[in-house]
Amino acid sequence: MSGTTSLYRLTNEYQDLYDAVLSSADEETGEVDLSLVTALAQRQEEWKKKAVSVACVYRALKDDGERVGREIERLTAIKKRIERERDRIKDGLDAACQTLGVESVKGMYANISYRLAPPTVVVDNPDEIPEEYIRVKVTRNEDKVAIREAIQQGKEVPGAHLEQKKNIQIK
């Protein structure tokens, strides 16, 4: 049953059985319904098996992700080498064409030609540019490191607080 039942469903069933055991307790003696206790123990074992299975899937996906990440890094390095070589060849061809004053060459498998690129703005002196041509960018970010340090030193920072969280560890 643990192979086909989801962890979510087992968790809910486990919690429901736990609540049922607590509510079945006799107020005077504290005795509980043993059939509920047995069912709870069984569900707990099913839950543990499912949780370990889910953790194994997590680990496999994590390993796959790391493997893919390494492959992406390897392929990115190859791509950069190819692009550097491509740019080196293009720059050499450009230099040769300009040295010889060649504007156009047609071939069976490739053509070489020049065209005018859109004009680019060159700013010679930024201080002389009129205000109407200046774009001001203002960003506002909270300094979370400073906020954390202030709160940890006992200072109150309006609009902020520290929150402690737990992170699941799957190994």
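User: How many Å should the 18 residues of helix α1 span, and how far apart are its end C-alpha atoms?
Analyst: In this predicted model, helix α1 covers residues 7–24. At 1.5 Å a residue its 18 residues should span 26 Å, and the end C-alpha atoms are 25 Å apart, which agrees.

User: Which residues of α1 are buried?
Analyst: Leu-10, Glu-13, Leu-17 and Val-21 are buried in α1. They cover an arc of only 75° around the axis, so they sit on the same side of α1.

User: And which ones are exposed on the other side of α1?
Analyst: On that other side, Tyr-8, Asp-16, Leu-22 and Ser-23 are exposed.

User: What do the buried residues of α1 pack against?
Analyst: They pack against α2, which runs over 34–100.

User: OK, α2 then. How many residues does it have, and how far does it reach?
Analyst: Helix α2 has 67 residues. From its first C-alpha to its last it reaches 97 Å, close to the 99 Å expected at 1.5 Å a residue.

User: Which residues of α2 are buried?
Analyst: The buried residues of α2 are Leu-36, Leu-40, Arg-43, Glu-46, Lys-50 and Cys-97.

User: What covers them?
Analyst: The cover for the buried residues of α2 includes α1 and also β2, residues 111–113.

User: How far is Lys-48 from Thr-11?
Analyst: In sequence, Lys-48 and Thr-11 are 37 residues apart. In space they are 9.9 Å apart, C-alpha to C-alpha.

User: Let's zoom out. How many helices and strands are there, and what pattern do they follow?
Analyst: The protein has 3 helices and 2 strands. Along the sequence the pattern is α-α-β-β-α.

User: What radius of gyration does the protein have, next to that of a compact globule?
Analyst: The protein has 34 Å, whereas a compact globule of 171 residues would be near 16 Å. Along its principal axes the C-alpha trace spans about 105 × 55 × 25 Å.

User: How much of the protein is buried?
Analyst: Of its 171 residues, 8% count as buried. The accessible surface comes to about 15900 Å², and 54% of that belongs to carbon and sulfur atoms.

User: What share of the contacts links residues 24 or more positions apart?
Analyst: Such residues account for 42% of the contacts with a separation of 6 or more.

User: Now α3. Where is Arg-148, and how exposed is it?
Analyst: Arg-148 lies in helix α3, residues 144–152. At 40% relative accessibility, Arg-148 counts as partly exposed.

User: How far is Arg-148 from His-161?
Analyst: Arg-148 and His-161 are 13 residues apart in sequence, and their C-alpha atoms are 8.1 Å apart in space.

User: And Lys-144, buried or exposed?
Analyst: Lys-144, also in helix α3, is exposed, with a relative accessible area of 63%.

User: How far is Lys-144 from Gly-30?
Analyst: They are 114 residues apart in sequence and 51 Å apart in space, C-alpha to C-alpha.

User: Last topic: what is the mean pLDDT of the protein?
Analyst: The mean pLDDT is 92, and 98% of the residues reach 70 or more. Where pLDDT is low, predicted coordinates should not be read in detail.

Technical notes: Residues numbered from 1 in each chain as written. Predicted model: local features only at pLDDT ≥ 70, side-chain atom pairs only at ≥ 80, totals over all residues. Heavy atoms only, no water. Helix = DSSP H or I, 4+ residues; strand = E, 2+ residues; numbered from the N terminus. Expected span 1.5 Å × (residues − 1). Buried < 20%, exposed > 50% of the residue type's maximum accessible area, 1.4 Å probe, protein only. Arc of directions from axis to C-beta. Contact = heavy atoms within 4.5 Å. Rg over C-alpha atoms; globule rule 2.2 N^0.38 Å. Areas by Shrake-Rupley, 256 points an atom, 1.4 Å probe, with all protein chains shown as cover. pLDDT = per-residue confidence, 0-100.
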